[in-house]
Structures are given as C-alpha cells and as structure tokens.
Amino acid sequence: MKLWKNGLFYTMENEGETVSAVITDNEKIVAVGEEAELKKNFVKHLTEEIDLNGEIVFPGFVDSHLHLLWYGLSLARLNLNQLKSKTESMAKIREAVQRLSPNEWLFVEGYNENEWQDDSTPITKIELDAISTNHPLLVRRIDYHNVVINTPLINKIGIKDGQIYNGGGEIQLDQEGKVTGVLKDEATNLAINAFPMATPKEQEEYLTLAIEDLWAKGVTGGHSEDLHYFNGFEGTLKTFHDVIEEKEKAFRVHLLIHHEELKAYNHSEESFLDGNPFIELGAMKIFYDGTVGSQTALMSRPYARSTNYGLKVQTDEVFVSLIKAARKAELPVAIHILGDHAFKKVIETLREYPPLIGQLDRMIHTPWLNKELLKEAKDLPLIFDLQPQFMSSDLPWALDVLGENHPPLVFAWKSIKDAGFPIAGGSDAPVEIPNPFYGIHAAVTRTVRGTESTKRYFPEEELSVFEALSLYTTGSAAAGYKKNSRGKIKSGYLSDFTILKQNPFKVKTEFLCDIEVSKTVIGGEIVFQNND
C-alpha cells in the first residue's frame, strides 16, 4: 500500500471538504484522513510513502466529450487552431505544400476565421488553388462540420457544378451553381474519405500522442467517439486495447458508439458498460444538426440577414428509426445538439421512446436554449454534456451570426443545473484544447480567454469554482455511470488523481486558466510528472 501524505486533497464529496493524506492499494483508495491516523492503522501494510509537499489533489479529471484519435491526429498534422492571422495560416499551408513529394495530398486541421485578427473571411478554393493546382488540398474548419478543398481534390472526387448533396449536408454552390470548394456536415465525407485510411500502426501512434498529451494536462480519462472514423468498430476498438492494455498507456476511456456502427456492435461480443476498468462502451452517438459557425445548427428563428434556419443531419423518419434501434439494443443515446429547435425535436422523440430505467440520454453541447425547453425536458432522464470553452471561443461572433434572433439562454450551464439535470464537462478536442482549466475558467468567469477584454457574457449563467471542478470529476463520473466508484477521493473509489501546483479555490478567477499540473496518477501510479 502507498501513503500519499502532506497534500491538500479535495474530496469533491462536499464543497471545501479536504483531507491531508490518502492510502491506496493499486487501483483503489483504501482510506482517507490525516497522516498520523492512517499510519497508525496501516503501518504494517505500507510499502511506500509519497510526500506531496503541500500540493493540491483532486480526483482524476475526466473529459466527458472528446475524440481521442482525432486529437492525436491533430497533433500529428499541420493544425492552424492557435494562429491568429489568416496571412500566417496561409503561409503555413504554403510551407507544408512545398515539403510535399510529387502527387502527395495534404490534410490541414483547425482553421478558425473567427480568431483571425487581420482578415476574418473563410479560406476559399481560389486561395488554395493559388497555393497549388498539383496537390489535392483539404483544410478542415475547427468545428469539424466544414471543409474547403482545392480544384485538384474536387476533380479527384468527381464533384460537379450544380451537384446537390442528398442528406444531412451541403455541397456549397455559388449563385451560378458552380462548386465553391466548401463542403458542410455529412458532405465533408466526400473529400475526407478520399484520403488514405490510417494504418493500424498510425492509429496507435495517434492514440499514444493523445494520451501522453492528456496526461500532461492532468486528464486521467475521457469519453470519446472514435469507433466509426478510422478503422471501423472492431479495428478501432482493437487500437484502444492494444495501446491502453498491451502498451500500458493507462487511460480510462468510455467509448460512444456511432449510429452507423450499431450493426457491428450488435454482432460483436461487446456490451454496454461491461466492467472493464479502462475500456468500456457507452451510449449510441447521433448527430442531429450542425454548428453555428457553419450556419448548420437548427434554430427556431433564422440566422441574421438570411432565411436560413440551419439543417437536420437526419430526417425525422431516420432519427426516429435510430432511436428505436438504440432502444432495441438496450442503449441510451448521446445526441449532438446545437440549435434550440434541434433540442425541441430531440426531446419530443425521446419522450416517446425512453431508455431503460437507470439509463441517461446524453445531450451534447446544447448552447442555445430557452426556459420553456428546459421545463419541457424536466422529467426526462437526461445528462447534459457541456463544453465551457465553446463560450469563450464562440462569443461574441456567434451572436453576430445569429443576430437578435438568438435564443435567450446562451451557454446556460447554471439554468440547466438549477433545473435539476446532472452536468458533465468536456472539451470536444480537437475542436478545443483539452485543458480542463480552460473550461473551468470559462465556466466561472464567462469571459473570453486570451484577450484583454473583461466583458462577461451572460454572467447569470456562471458556475462557482466548485461547480466547475465538479464538471470534470463527479459530473463526468455520473455521465459514465460511475457515481459510486469515480470522481471523488473516498474509500473504495479509484486511485486516480490530478495533482496541481496551485489551488484553484485560492487563485483569482482570471488566473484559473494558468493553473499548472504537477502530477497525474492513474491506478495509484504516477504517469506524468512535471519536473519544471
């Protein structure tokens, strides 16, 4: 057994509740309390003492919504998500093209025109053609719901002027019906799927990159949706077992099942929450609408200066059939929802087709709501999967895109919580950087991180520091059906810890985003240590 002593352990059982020492035995916490008492009771069993020198300890932070393989892939590819200039972004693409071999293709991640300070217009086919008319180029927007491609790639995949996409997406055409190079939502797969599939070795490299990066951010686990986009259900699930178990990259994953993989799930020997301490399967994932950035989130009122209300990724008929299929497989559902009208349509269907008793349907994102919608949903078994960083990234430009028609509840975390719903926190990495304290900062301050502006957006929806920390501890545990074994520092719970250099309850709230991780512990073992 190990004695972790001389720390300030926040149990997350109740606000302000702390102990100074913890006993662990491999995966489990055996006892919590004060050092002298624990030594007295366990002296014969102790094999190691770890002095934390006053550092701050929380239950291991878990990101309740991310895409692990995509995140690892984004770390391996050219990624523009931290650039504040269109000029610099285009220069990075040009430099990458100059390094390509003949006939090589280029896939670029993470462009976000709303962050550019010199020119906020989206990248166009014309601009990509100016860089290369020999190499097929694809640049994916940071929200993963929009790509722009150049003429060589348009020709490779055979898109024609005037072509209409039948389904939950769009091939954008100009006023003359010519292809603009912009593809939205499901239509993005026309271009993305033309790129070579990652090999099993590459997938393992991407997952390893992601896990090691998350360790450094104090993250001990994640709820991820990857099982459709790489090597299918079985092949991608094998990657997780190979890396986490065989290569011993300890990380606790709760994997959502994309609806197109339900058939593979049904034919497998896998089951919902099978008890594996590191890798388990969760709800069936469905996309209902798109994003505000791509103007495809389904709203009850039109976008500013337009007659566009957004789009449904699924028709009503298809959506109902998907819910029925999930229920037949005895699965809850996890639904991507951005627009308020999307939320209304979703809860109408869930009321008609509820999950099994004890299961919770997961509402992912839901940044645009109103009080009536929360009242309508009040008695449904739901958990809200929230991404606080989206508020920092999306406001104020999203208010401009929606105009005065935007719904009254905006990133309404407090209203959702006060309505009685459990809430969990995630990053949606690689859309955002999976640093929990970026999300905690946004949840508490309601400001835009990284700017000099002190403007607080809809401050009535702020969370306390304890509530924000709960998103990544007890909240994520609830989302993963682990309320009684994870998310707290308590006897019988997992010995996963996020150890910090600064105390988030003591720093000024504007500095929450600067808190540093000292150590990350999974199953009683230190997997990351900051030696700076």
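Analyst: F61 stands opposite V219, a residue of strand β14. Two strands count as paired if DSSP finds at least two bridges between them. Helices (H or I, at least four residues) and strands (E, at least two) are DSSP runs numbered from the N terminus. Strand β8 covers residues 61-66, and six of its six residues are buried. Buried means under 20% relative accessible area, exposed over 50%, and partly exposed in between, with a 1.4 Å probe and protein chains only.

A word on the basis. This is a predicted model, with residues numbered from 1 along each chain as its sequence is written; local features need pLDDT of at least 70, and side-chain atom pairs count only at pLDDT 80 or more. Totals for chains, interfaces and linings use all residues, while side-chain values use heavy atoms, with hydrogens and water left out.

Next, a residue in another strand. M363 sits in strand β18 (residues 361-365). M363 is buried, at 0% relative accessibility. Leaving aside residues up to four places away in sequence, M363 touches I335, I337, F343, V346, L350, L382, I383, F384 and D385. A contact here is heavy atoms within 4.5 Å. M363 and I423 lie 60 residues apart in sequence, yet their C-alpha atoms are 9.5 Å apart in space.

Now the charged pairs. Side chains of opposite charge can pair when their charged atoms come close. A salt bridge is a side-chain nitrogen of Lys or Arg within 4 Å of a carboxyl oxygen of Asp or Glu. The whole structure holds 35 of them. R141 and D143 form one, at 2.9 Å from N to O. Both of these residues are buried.

E280 and K482 form another salt bridge, with N to O at 2.9 Å. E280 lies in strand β16 (residues 279-287) and K482 in the loop between α18 (474-479) and β23 (497-500), so this pair ties together parts 202 residues apart in sequence. E280 is buried at a relative accessible area of 3%. K482 is buried as well, at 15%.

K344 and E376 meet at 3.5 Å, N to O. This pair links distant parts of the chain, with K344 in helix α11 (residues 340-352) and E376 in helix α12 (residues 371-377), 32 residues apart. K344 is partly exposed at 28% relative accessible area. E376 is partly exposed too, at 31%.

Last, the second largest pocket. The space in it is about 400 Å³. On a 1 Å grid over the protein atoms alone, a pocket is an open set of points where a 1.4 Å probe fits, with protein on both sides within 12 Å along at least five of seven lines; lining residues have an atom within 4 Å of a point. The volume is the space filled by probe spheres set on the points, which are joined across faces, edges and corners.

This pocket has 20 lining residues, and E113, P122, N146, Q172 and G293 lie nearest its centre. Two or more lining residues come from each of β11 (146-149), β13 (179-185) and α14 (397-402). β13 gives the most, with three residues. By class, the lining has seven nonpolar, nine polar and four charged residues. Ala, Val, Leu, Ile, Met, Phe, Trp, Tyr, Cys and Pro count as nonpolar, Asp, Glu, Lys and Arg as charged, and the others, Gly among them, as polar.
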